[in-house]
Amino acid sequence: FDVGEAEGRPFLAMLLVDGVTLGRLVREVAKQGSRLPLPLVRLIATGLCEALTYAHTLTDGKGRPLRVVHRDVTPGNLLISRNGAVLLTDFGIAREHAGQMTEPGVVRGKAAYLAPEQVLHDAPVDERADLYSAALTLYEALSGANPFKRDSVKDSLLAVVGAQVERIDVLRSDVTPGMARALHTALARSPD
C-alpha cells in the first residue's frame, strides 16, 4: 500500500491476510492423513489463474504489455484467506519483459517448482513457465506432494528435467479427466 521512511527507518506497508499459505494448508491436511477436498482445490486454481492472468496482462501507462513473469509460483507464495480469497505473493524475482533467457548457472526460484526451460536454459522464460509452476502447485494441492522435491537442490533440478509425473487422476479418483488433462498439458517438458 505504501513505502516510505518513518523516524529514519524504511517501511513497506502491505495487505494483512488473515489465513495461511497453501503449503502450510497442504502440510496440515497431510498430517491428518487426508488431502484437500476437490472443490477447495478448484477455488484455489481459479484464484491462482486469475492472479497470473492479471500479472501476465499488465500494461504500462501507454497500454504496452509489461509481460510480467512471476518465476516463483509455489504453495508457499499462495495465500488462502479465511474468507476464501486466493492471493499470489512474493513478486521479488518477477521479471518484466518475458522471453529473456536466464543466465546459465543462475537459478531463480525454488528448484522443485522450476519449469524445465528455467533449469536447462534452452528456451526463453515467459508466461508459460508460470503456468507450469502453477500446475505443479495445484498437483501438490491435489496429491499432497511435489513429485520433484528431493533432499538437495541439485537432485530436485535433475528430477525436474528427468523424472516423470504420475497422472493425477491415477492418484485421486475424484479428479475429472478434464482437470487431469489440463494439469498434465501444463506440466509438459516443452513450453510449446
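Q: Why does Ser-133 count as buried in this predicted model?
A: Ser-133 has a relative accessibility of 4%. Buried means under 20%, so Ser-133 counts as buried.

Q: Where is Ser-133 found, and which residues does Ser-133 touch, not counting residues up to four places away in sequence?
A: Ser-133 is found in helix 4. With those neighbours in sequence set aside, Ser-133 touches Val-73, Tyr-113, Ala-115 and Gln-118.

Q: What makes helix 2 roughly antiparallel to helix 4?
A: Helix 2 (residues 38-56) and helix 4 (residues 127-143) pack at an angle of about 165°, and their axes are 10 Å apart. Angles over 145 degrees count as roughly antiparallel, and therefore helix 2 is described in this way relative to helix 4. The crossing of helix 2 past helix 4 is right-handed.

Q: Which residues of helix 2 and helix 4 meet?
A: Helix 2 contributes Leu-38, Val-41, Ile-44, Ala-45, Leu-48, Leu-52 and His-56. In helix 4 they meet Glu-127, Asp-130, Leu-131, Ala-134, Leu-138, Ala-141 and Leu-142. The residues of this contact divide into 11 nonpolar, 1 polar and 2 charged.

Q: How do you know that the buried residues of helix 7 are on the same side of helix 7?
A: In helix 7 (residues 177-186), the residues Met-179, Ala-180, Leu-183 and His-184 are buried. They cover an arc of only 125° around the axis, so they lie on the same side of helix 7. Pro-177, Arg-181 and Thr-185, on the other side of helix 7, are exposed.

Q: What covers the buried residues of helix 7?
A: The cover includes helix 2, helix 4 and helix 6 (168-171).

How values were computed:
Residues numbered from 1 in each chain as written. Predicted model: local features only at pLDDT ≥ 70, side-chain atom pairs only at ≥ 80, totals over all residues. Heavy atoms only, no water. Axes fitted to C-alpha atoms, helices over the stretch in contact; angles between N-to-C directions. Helix = DSSP H or I, 4+ residues; strand = E, 2+ residues; numbered from the N terminus. Parallel < 35°, antiparallel > 145°, perpendicular 65-115°, else oblique. Left-handed = near helix turned anticlockwise from the far one by under 90°. Contact = heavy atoms within 4.5 Å. Nonpolar A, V, L, I, M, F, W, Y, C, P; charged D, E, K, R; others polar. Buried < 20%, exposed > 50% of the residue type's maximum accessible area, 1.4 Å probe, protein only. Arc of directions from axis to C-beta.
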